[in-house]
Amino acid sequence: MTPKDSEAALTGYRVIELASERCALAGKLLADMGAEVIVVEPPGGCETRAWEPFADDVPGLENSLHWWHYNTSKKSVMVDLETEAGAQQFRSLLATADVVIEAEPLGRLDALGLDWNQLREDESELIWTSITHHGRDGADPPATDLTLLAEGGPVWSCGYDDHQLPPVRGGANQAFHTACHYAVPAILVALMWRETSSRGQLIDVSMLGAANATTEFATLWWLNGEQEVQRQTGRHAHIRPTEWTQIRCADGRWFNTGMPPRNKREFAALRMWIEELGLVAECSSYEILKLGDQYERIGVFELDADPMAGEVFQAGRDVIEFLGQRLPAYELFLGLQERGMACGIVYSPDEMIEDPHFVERGFPVDVFYEDRNSTYTHPGAPYRFERTPWMVTRAPHLGEHQVLVEDLPE
Amino acid sequence: MTVPVEETFKPQALNGIRICDFTGQLAGAGATKILAAFGAEVIRVEDPTNKGKWDILRGIPPWVGNSPGLEAGGAFNNHNAGKLGITLNLRHDRAKELLRELVHISDAVTENFAAGVMERLGFGYDELREIREDIIYVSHNGFGSTGPYSSFKSWGPIAQAVSGLTFTSGLPEQPPAGWGYSFMDHTGAYYMATAVLMALLHRRRTGEGQWVDLACIEAAGTLHGTATLDATVNGRAMRRSGMPNSNRSQSPRMAPHGIWATQGENQWIAIAVRDDSDWHLFAEVVNEPWSQEQRWQSAADRLRAEDELELLVAAWTAPQDRHALAQRLIDAGVPAAPVLRPGERIDSDERTADLWITVDHSEAGPARVEGLPVRLSETNWSLSRGAACLGEHNSYVFGQLLGLDEQEINELAEEGVI
């Protein structure tokens, strides 16, 4: 297909996704950019439909907010792969598809005669994406997001200075997300190649590998010199302890101080802000801050060599902490950023989506649920394509598009 | 003159795609590394006047090899494997001319400067389109190119803080633990690679280029959608008592679900009992009077007394070996895993052994880097060259691609243009 004047980047591609918590994001990323993603659910629906939280706290097949989030812009059909009729429907559906995404237990599809190995001869243009624990030739131990992040590396680096507290898994199923974040570029690469070669292929994604490839300095310090990082509160795990970067502001909110001020422009801006706020007398580091005028730029790795640079650098950090004790986090965030210093307020996800910047950019998007005659706000586009914009419609009801598997040629 | 093309025996999917690449750090360079691994010719453009130090990873540890220096940044080498490197001092008009020529023969321009930098250099999207109508331009920064905070600065931990990812990672009654690394530099890079590829695919089918404005914080803001909807649909704010507790599982609800200490110092095991059937298996492995009690048989009951249950689990795991215990639980059918230390997962875990590869760095020699956790049966990824040294491929790019002769290239170098 060569759509001209298409409205979406992936218009015309049909993707078959076998409903699963593990690959739902991959399908969503393609669907929200215009691919026709048909999620194949078992009788009774995907298990994630039964997961809370539910809209209005009312359990029900169409009410799971997990389902609502991960299945936007998709279509749903219900097919029982365990029956011959269902298997035939699935095979017929595959004959119309460009891409398959599945994260089934290893061996399940093979036993049903519905695996890539059995279908590749007939479907030579099909791009088949398997997301598994550690590859299709591996084993398939029982695993969840938590266990994948524990053995895949991220957990080792996350937690607190106090090592009596357990290390922490970052929230919101990022092991599955990360596997999908590798699956999608791989699918796009395979589609690029198919455009010229007319050949499909198998994409084999390892969830354990994806977690391993997403740990930044824990891996880099080991690969380059076999040094082990240790977790620290709210900042990078490191091979030796580093200074705090997270403070609690006057309104109780947490704040990431980012890169401390390092040059004379920043030291002067901080000093003037203290003056504007009338806090000179209270601020014990104010005088030292004046010495910052002498520094074009203080290199973080040169602090030991120049004691005065170290003092000035420390004064910059102390002044930010001092301001945090007196200002709400949002004011500190705006005040420092407007003065050119990188820092961040620690928002909860629902606070981020209401921030005026992201509202003005149109990040929160309203999705209409005609069945409820209501509109709800979803997180919006992860990227803004000028010509082929990201778009979203509500997740499908179970079997809402069943007609797509009826009357398919065998 | 050597042609610095990766030696591969299989076709690569992105052969023939050329990226004029201004990215740096992980958030940008991580994206074009993926493109390079699949065969794109990624030409990284650096400023010779500061020796490429805009990308701070060039000159910070850990070091590749034994000595520090701007060609020895281990992170830099990791994130830039497989790419070419050239220098251009864009303060010179001649350098701008050369850049225009390079853009003309490129499919995409990628950058992760602060918003507005490319416009100030004279290479904003409008100018790029004048050079090549169907160019793809992907810009990536923290807050995006428009809106009240478009001048604000960001890096991984800030993107994580503002987006909610820091908040949602932690234990109750504690500060946010956040992510102990720049999760959003990795993940922003994945979205950037995805954006380039989607735009390339669209262009291959329609001939149409475009600009993609990628705000890392918005990409991050899509990553906890269920919790966000709980707030927007149900009015249930995340900032509430007992939350967040990210070692527990909220969607779906599971108990016990967490990370507990085991024998030895700083040794931990993660266990997830997904449902009542898992509980039955788990209780058999535990095989203590408490695990057989009727009161723990249903998920609803376990969730109601989760604090108490966790104390029992903690006491049970404390004297045990994390590896042996995890294996016993997995054999029984219960998800469990030791919290692996970096050395354990990189050097001793055969399941991911093919992820760690060795590339050849022109100065430092063989160096280990991360590969990609995917395998493609027909057009797999391949990386064999380490990060380019500063201007390492000036001869190839300015000579072979842009047609300058050796004398001209030498003069440009003497004049500080390249």
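Which side chains meet in a salt bridge at 2.7 Å, N to O? They are those of E351(A) and R239(B), and this pair crosses between chains. Welcome to this predicted model, in which a search of the whole structure finds 63 salt bridges over all chains. Here is a short tour.

**The bridge between chains**
- E351(A) sits in helix α15 (residues 349–352) of chain A, while R239(B) belongs to the loop between α9 (225–234) and β7 (249–250) of chain B.
- With a relative accessible area of 14%, E351(A) is buried, whereas R239(B) is partly exposed at 33%.

**Bridges within a chain**
- E17(A) and K74(A) join their side chains in a salt bridge of 2.8 Å, N to O.
- E17(A) is in strand β1 (residues 14–18) and K74(A) in the loop between α2 (65–70) and β3 (75–78), so this pair ties together parts of chain A that are 57 residues apart in sequence.
- Both E17(A) and K74(A) are buried.
- Another salt bridge links R339(A) with E276(A) (3.1 Å, N to O), and E276(A) is exposed at 60% relative accessibility.
- In chain B, a network of salt bridges connects R44(B), E46(B), D55(B), R58(B) and E71(B).

**A charged surface patch**
- D405(B), E406(B), E408(B), E411(B), E414(B) and E415(B) form a patch of negative charge on the surface.
- One of them, E414(B), is in helix α16 (residues 406–414) of chain B and is exposed, with a relative accessible area of 70%.

**Cysteines**
- The count of disulfides over all chains is zero.
- For C180(A), the nearest cysteine sulfur is that of C23(A), 6.4 Å away.
- C180(A) is buried, at 1% relative accessibility.

Notes:
Residues are numbered from 1 along each chain as its sequence is written. Chains are lettered from A and ligands numbered from 1 in the order in which they are written. This is a predicted model: local features need pLDDT of at least 70, side-chain atom pairs count only at pLDDT 80 or more; totals for chains, interfaces and linings use all residues. Side-chain values use heavy atoms; hydrogens and water are left out. A disulfide is a pair of cysteine sulfur atoms within 2.5 Å. Buried means under 20% relative accessible area, exposed over 50%, partly exposed in between (1.4 Å probe, protein chains only). Patches are made of residues with over 30% relative accessible area and no salt bridge: like charges are joined within 9 Å, nonpolar side chains (Val, Leu, Ile, Met, Phe, Trp, Tyr) within 5 Å. Accessible areas come from the Shrake-Rupley method with a 1.4 Å probe; for residues, only the protein chains shown count as cover. A salt bridge is a side-chain nitrogen of Lys or Arg within 4 Å of a carboxyl oxygen of Asp or Glu. Lys and Arg count as positive and Asp and Glu as negative; His and the chain ends are not counted. The place of a charge is taken as NZ of Lys, CZ of Arg, CG of Asp or CD of Glu. Helices (H or I, at least four residues) and strands (E, at least two) are DSSP runs, numbered from the N terminus.
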